[in-house]
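Subject: Handover of a structure and findings

Dear colleague,

Please find the structure below, together with its sequence.

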Amino acid sequence: MSTPTTATATLPPYSHSHFHYPHHHQQHKSFPQPNTSAYRSTNPVLPPASRLVYPSTSGYNTHPATPAASNGASLMPLEPSRHHPHDSADLASHRSESLYSTMPANSQSSRTQVVTNPPPSSSKKRQRDVDWNDFYKNGLPTEIIVIDDSPEPEEPATSKNLTNGHSYASGPTDASVAPPAKRRRKETDAAPYDPVHHIASHTHTPRQYGSPSKSTTSSGRTNSANHTTAATSLGSLSSNGQYDHELQQASQGQKRKRTRAQTNSEAKRREALVTDAFASYIPPRQPIKKSRDVPVQIITDPPHMQISRVDDDEGHYIVVPDNPLTERYQMVKLLGQGTFGKVVQAKDRQRPGKLVAIKIIRSVQKYREASKIELRVLETLKANDPENRNRCIHLRDCFDYRGHICIVMDLLGQSVFDFLKSNNFVPFPNSQIQSFARQLFTSVAFLHDLNLIHTDLKPENILLCHNEYQTFTYNRKIPSSSSNVARQATQRRVLLDTEIRLIDFGSATFQDEYHSSVVSTRHYRAPEIILGLGWSFPCDIWSIGCILVEFFTGDALFQTHDNLEHLAMMQAVVDANIDTHLVQSVNRQPRNGTNPASRYFKRNKLDYPTADTTRQSKRFVRAMKTLPEIIPPNNKFLKEFLALLQKIFVYDPAKRITAKEALSHPWFQEHAYPDDGTEAARIRAEKQRLNELSAIAP
């Protein structure tokens with residue numbers, strides 16, 4: 001028997017054992033021209049029977065023989081990357097066009113002839129007659145599948161035999177009577193790119209159906225769901241807008257038939273969006289329940305307990321694992337530390353097996369006073385949203401222990417920033433960015449309806465509910481907001497669950513209460529705060545815009561610590577100068593003295609660069625990309641995403657989009673193209689289904 005890629009001219013009988021695909025394809029040279037020495041030496045005249053090639057449905061396509069395989073016919077398998085295994089309609093259509101071989105012809109004949117089998121004799125035909133009673137002996141079929149978009153192959157009007165390159169027809173031989181030969185696409189021509197059938201054909205590692213092809217053990221702060229590396233995922237090359245423009249160019253000018261496979265793929269793309277029971281925002285009931293000061297119980301140590309030093313020199317509580325924190329809680333480990341104090345993981349002895357997070361405020365008076373405001377905010381959130389539809393952290397308990405106010409909350413996963421850091425700052429998939437954005441705008445809309453301003457939105461203050469992830473291949477250039485940055489990654493971790501909680505309300509402020517002059521972390525600070533024009537609800541929206549761009553690129557958008565440079569970077573990204581009426585408001589003489597921001601402007605325009613500006617600062621600002629360059633609008637999804645960001649990055653806070661208006665933006669009506677995020681959601685759904693089945697099974 002011959003190899004899968006070559007076969008002798010006398011083919012074996014039809015057999016099911018030939019239904020397989022070879023792992024490698026042979027490269028076939030062009031067939032020698034007829035009436036040449038090469039042609040005559042390698043292609044002796046064959047009898048008609050030996051030149052016939054029988055039709056095959058095993059997925060092979062016949063090609064002319066190469067000079068190295070004389071008296072033979074070369075078999076070329078169909079390329080698996082061109083036909084998705086589940087696209088049976090297109091595969092059947094392709095096979096119907098490729099049932100017959102082509103053979104060389106002489107100078108008087110056409111180069112390509114359709115070869116058919118000779119009509120069987122009457123005796124053989126009688127032997128092939130079907131006994132329908134025996135065929136249906138087990139009963140009629142219960143289901144019939146009809147593929148409408150695969151037309152049946154047309155039967156040739158005449159039967160032809162090829163001998164020595166000439167065609168001899170059993171019917172009329174007049175050229176005017178014979179039907180024109182059916183035009184066939186050359187198998188060597190590259191098939192045009194189609195995102196439905198070629199979705200996984202552009203990666204070096206082919207997509208595996210059933211189980212991943214490579215296994216890696218994760219070592220980081222998060223745990224891989226399966227400890228495996230998926231070869232690739234649906235549409236992974238279009239994540240974060242990469243290659244989408246190439247897909248559109250490849251599909252221009254092609255009128256392809258809309259098949260069932262394409263329709264089903266689009267339906268699956270819409271179903272891949274993570275369903276959310278609380279997707280639509282519901283404003284809190286009126287009147288708003290604004291909490292007063294929350295009473296904090298002071299807990300003292302038992303008289304017999306020996307109290308050693310509990311604070312360090314800066315007033316932070318000294319955390320010792322397994323030590324008690326009152327009689328109810330026992331510390332497990334330190335989770336984090338900031339200027340406000342520390343956060344520890346602890347066991348709740350009143351609820352065995354229950355772990356909580358306790359925020360231990362520094363034993364400094366100004367932080368103690370700030371924590372009381374935070375307790376008011378947390379109690380207000382819980383009173384107006386007992387079901388926690390709006391994904392803000394809830395207060396579980398509070399007490400004063402050894403001079404430290406302790407706030408007890410639910411134990412959640414790591415912060416979004418920590419996940420990005422452990423992922424080497426590789427960005428999130430587009431579908432997950434949309435999910436994060438919907439949840440953030442929902443939380444902030446709820447805060448604003450409660451007359452609250454968070455003032456410190458950043459990835460560090462967004463916690464994941466679950467840390468599980470799946471590793472996918474990435475193998476592409478990472479988007480960036482600066483032309484000086486060029487990063488690449490071979491793989492990335494993708495969350496299986498994007499549910500989040502908004503935390504850290506220590507800087508949250510009621511609109512009708514005192515506003516400090518400077519709020520927000522530098523990278524996420526709104527322009528009105530830098531300009532000293534006062535701030536309100538819109539400053540939270542600007543921060544969300546910075547966060548969403550960071551999710552898309554993996555890096556903070558405005559990486560600076562200087563006000564003038566920060567404003568110059570804003571103008572570079574927005575691609576517009578700061579509004580003149582805002583500059584005039586800055587230059588107006590306030591009652592309590594000169595606005596410090598007035599020195600940043602000259603003739604109502606930003607005075608950058610100045611004589612003191614360093615070359616490094618100039619180079620950094622010059623390298624900043626505009627919003628359309630950071631997020632190229634290659635498809636409808638990214639176009640709407642860019643449109644939303646352009647409504648967020650507006651200098652005038654009065655003209656900036658609100659949180660509830662953002663939730664109604666068309667971007668949230670768009671479904672992200674299948675990417676690593678939608679594939680991770682499918683994996684999570686499958687895991688949940690298996691867990692439910694295992695729980696039901698005895």
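Predicted model: local features only at pLDDT ≥ 70, side-chain atom pairs only at ≥ 80, totals over all residues.

Which backbone oxygen lies 3.0 Å from a polar atom of the side chain of Lys342? That oxygen belongs to Tyr317. The pair is a polar contact, that is, N or O atoms within 3.5 Å, where within protein one must be able to donate a hydrogen and the other to accept it, and residues adjacent in sequence count only if both atoms are side-chain atoms.

Residues are numbered from 1 along each chain as its sequence is written, and side-chain values use heavy atoms, with hydrogens and water left out.

**The chain as a whole**

The chain has 19 helices and 21 strands; these are DSSP runs numbered from the N terminus, with helices (H or I) of at least four residues and strands (E) of at least two. It comprises 698 residues, of which 45% count as buried. Buried means under 20% relative accessible area, exposed over 50%, and partly exposed in between, with a 1.4 Å probe and protein chains only. Among contacts (heavy atoms within 4.5 Å) between residues at least 6 apart in sequence, 71% join residues at least 24 apart.

**Lys342**

Lys342 is found in strand 10, residues 341-348. Lys342 is buried yet has no salt bridge, and Asp312, the nearest side chain of opposite charge, is 4.7 Å away. A salt bridge requires a side-chain nitrogen of Lys or Arg within 4 Å of a carboxyl oxygen of Asp or Glu; Lys and Arg count as positive and Asp and Glu as negative, while His and the chain ends are not counted. Leaving aside neighbours within four places in sequence, the contacts of Lys342 include His316, Tyr317, Leu334 and Ile358.

**Gln432**

Gln432 lies in helix 10, residues 430-449, and is buried, with a relative accessible area of 3%. Its side chain reaches the backbone oxygen of Leu495 at 2.7 Å. Beyond neighbours within four places in sequence, Gln432 is in contact with Val494, Leu495, Thr498, Gly677 and Ala680.

**Cysteines**

The structure holds zero disulfides, a disulfide being a pair of cysteine sulfur atoms within 2.5 Å. For Cys406, the nearest cysteine sulfur is that of Cys398, 9.6 Å away. Cys406 is buried at 0% relative accessible area, and Cys539 is buried at 0% relative accessibility.

Yours sincerely
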